[in-house]
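Subject: Structure handover and notes

Hello,

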Amino acid sequence: MLSRILSATVDWCWRHSRLVVALSLLITAGLGAYAGTHLALDTDESKMLSPNLPFRQAERTYDKAFPQNADLLVAVIDGPTSAEAENAVNRLRDRLAGRDDLFHSVRRPPEDVFFRSHGLLYLSSDELTELSDRLIQAQPMLGSLARDPSLRGMLAAISMALEGVAHGQATINDLAPMLSQMDGPAAEAAQGRDPAALSWQSLMGDAAAHDRPRRFLITQPRLSYGDLEAGGPASAAIRDAARDLGITPQNGYQIRLTGQVALADANFATVAAGVEISAPLSFLAVTMLLFFAVRSLRVVGAILVSLLVGLVATGAFAAATVGTLNPISVAFAVMFVGIAVDFAIQFVVRYRDEHHRLGDEGRSMVATAHGMAGPLSLAALATAIGFLSFLPTAYTGVSQLGLIAGGGMIIALIVDFTLLPALLGLFRTPAEKDSVGLPLGPADRWLARHAGMVVGAAGALAVAGLLSLPFLPLDFNPLHLQDPKDEAVATFLDLTQDPDNASYAVDILTPSREDAQALARRFDALPEVARVMTVDSFLPDHQDDKIAILADLASLLGPTLSPSAPLPAPSPPDLADALTACAEKLESVAATDPRATGLAAHLRAVAKAGPASVASLQKALTGGLVDQLATLRRMLTVTPVVFADLPADVLREWMTPDGRARVQVAPKDNMDDRARMIHFVKTVRAIAPNAVGTAIAVEQSGTVVIHAFGQAGISALLAIALLLGVMLRRGLDAVLVVLPLVMGALYTAIGLKLFNIPINFANIIALPLLLGIGVAFNIYYVVNWRHGVTDHLQSPTTRAVLFSALTTGSAFGSLAASPHLGTASMGLLLFMSLALSVLTTVVVMPSLFTLLNRWKRP
């Protein structure tokens, strides 16, 4: 019945080719217009998984409690000195604060600002005592610098200290840290280069040196998920503002963007760049292989036009069914072309074979329709069922892809039995002079003689693949899909090296402050935890002892740091004289010390080099001095920190208005190691199932994806087997279609393990495509066998299968050239799995047929 209907349809379309082609193009134009106006792109990666998953629900609850921490774009500013970095981040914040069109908020981390104001209270008593002793020793120098915060004042302080050395009150070694810090910038200035800035923090000991010249600006941009880079305008605004403010490498600054928004934008930008590379390569390779498959440019044109029409129609189907494409479902185009080209090649090769045998075009077309109606229809239905099996899974991205690709298979079938025959009728080609099949008679005979050995070896290899499944490499960290050299990724990886940043920390929302403290105590006891923070972490311990130390220090240094009559700024001649005088002092007091004489020589050279070199040295040595002295004065006058006095923005970072409190748990181990991440997540979730964070999302997402593909794969195999059993009416035929499919998948598992290719969010999409193509190939061979074909490798079907695989494989192989590591791994896995699937089809299946024929013969 189906064969007669499709034969009649193909015959009519072939005879009315001009009308069918014209109507098809007209309909395609309408469908294209509909898809163009109704199909949108949503790059929001949070929608890739079902919102009903427990960990996704916990994320939504947390984001509602602390909405200021969702969808962040973070600017990381590294300056020449801590003071200059502080000044730069404040200027950038003030510049961006008025851009309400681009940002919901622009702020510095409240905890960062608070710690910088009260930081001395958070040092241990020993650290604070050590810092106090250093500052007391440096009191004369601090007084000189406070009275004259210039290069002249600094050199005067050095000269004063050298007087102490000359009178035996100190040694030159006591000045060694300062002399070493000054010598580097002085040497560079003497050679006419811009000198590196002096780190005043390092001169005050380890506790003060902890204040790195790095600052963070946190922005919450207004995102446009319809654009490829949702945060692109906000990122551009930050860079433009930084450039206008002089926060540039030329001035000693480095500004980098990272955070959820920057990482997502970088991901899609790299994918787009990969498409620009792979698309031309793919088109060229596909066109060339199509020509070798069908040996006619006209027929190649017919296939390409039919593919384009089918793709547009599938896009319209996507617009009508889902409306919005996500980052995974947008791959429906790859899926459609990869399988639809096989359908087209099968039809065309069969037509060329019939034309070679029969000579008459009309009879050849009808014979082609009659012969391909069953195999192509069954292949399209089985493939569609395979894709649709992903619909009920929690992996929303692939669920949408399954729906669109499943519909696309039916569309491809319709196009191949309507438009493609019409195009072949329009582009008339002469009959083939030679047989369409491949000259593989020796291979057919070899397989017939060694069928038992081939099947036995294939079975043993499949068992090995089955045993390797528990050991498959898995990597569901989305960062590992991106180019590690990209700024957003490299910056994030850089931040993960600093334990203070807690990049992989997890957060737990508790009912109250008391509950947060109780939970923190439980986590504090775990060996897997490096640090636990709550709002109470902002209340320093042993405050009375520390404030007493600071009070004594303030009484000693207070008058020193606040002189009544600061000196006016020195002139260039004053600075030159001060350089020469300090050099003379160094040479007279420490003539045998190479550190002193080396610095003296450099100071003289700077003085002789002229005002420009002198000014650059003054900027390097004292550029952040005024701000540093002001910060020191402020930090010496702190008062006890009590809960009621915590700033509102700090409280809002850790508590909600209704009293719920946040607990942050930072891991001790390296979360780049998947096994350690899984262990940490399981440990945390055993205590707090509602924990959220990057580590939780990565581990839970991987679990969901594996479960989704396992569920869909089993469902697809069962559904396809049932369909084949009903349509072919023989259980053995269904087994023969499904068994090589499973074997090809197991061989792919061996390849993954052998070449250490981890399964990730990107390349796992290869599995449904492997399912679709593998089912189609196997159906063609089983139908041939049922119709009495014995020389399978010489049949036109094998030619079509091989060239279809080469065409699809070349398209996928071009993806391996993408700079996006996820796309590249997807191309590699697609190519490998396709090659193994085809090898199973053309080698194992004929051997199975040979054995079955022998067993049936008695």
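Predicted model: local features only at pLDDT ≥ 70, side-chain atom pairs only at ≥ 80, totals over all residues.

Residues are numbered from 1 along each chain as its sequence is written, and side-chain values use heavy atoms, with hydrogens and water left out.

Helices (H or I, at least four residues) and strands (E, at least two) are DSSP runs, numbered from the N terminus. Two strands pair if DSSP finds at least two bridges between them.

The sheet with strand 9

Four strands in the order 8-9-7-10 make an open sheet with antiparallel pairing. Its edge strands, each pairing on one side only, are strand 8 (529-533) and strand 10 (692-693). Helix 3 (residues 54-65) packs on this sheet and touches strand 7 (506-510), strand 9 and strand 10. Contact here means heavy atoms within 4.5 Å. The direction of helix 3 makes about 75° with that of strand 7; axes are lines fitted to C-alpha atoms, for helices over the stretch in contact, and angles run from 0 to 180 degrees between N-to-C directions.

Strand 9 (residues 661-667) is joined to strand 8 by four bridges, and the two run antiparallel. Within this pairing, M533 has Q664 as its bridge partner, and V529 has P667. Strand 7 is also antiparallel to strand 9, with five bridges between them; there, L509 is partnered by R662.

How many residues of strand 9 are buried? Seven of its seven are, where buried means under 20% relative accessible area, exposed over 50%, and partly exposed in between (1.4 Å probe, protein chains only). In a regular strand the side chains alternate between the two faces of the sheet. In strand 9 both faces are covered, with A661, V663, V665 and P667 buried on one side and R662, Q664 and A666 buried on the other.

Five bridges link strand 2 (residues 73-78) with strand 5 in the antiparallel sense, and D78 has Q254 as its bridge partner in strand 5.

Helix 16 and helix 30

The axes of helix 16 (residues 361-388) and helix 30 (residues 694-728) come within 9 Å and cross at roughly 155°. The two helices are therefore roughly antiparallel (angles under 35 degrees count as roughly parallel, over 145 as roughly antiparallel, 65 to 115 as roughly perpendicular and the rest as oblique). Helix 16 contributes L378, L381, A382, I385 and G386 to the contact, and helix 30 contributes A716, A719, I720, L723, L724, M727 and L728.

S837

S837 lies in helix 34 (residues 821-856). Its relative accessibility is 5%, so S837 counts as buried. Apart from neighbours within four places in sequence, S837 is in contact with L770 and G774.

Regards
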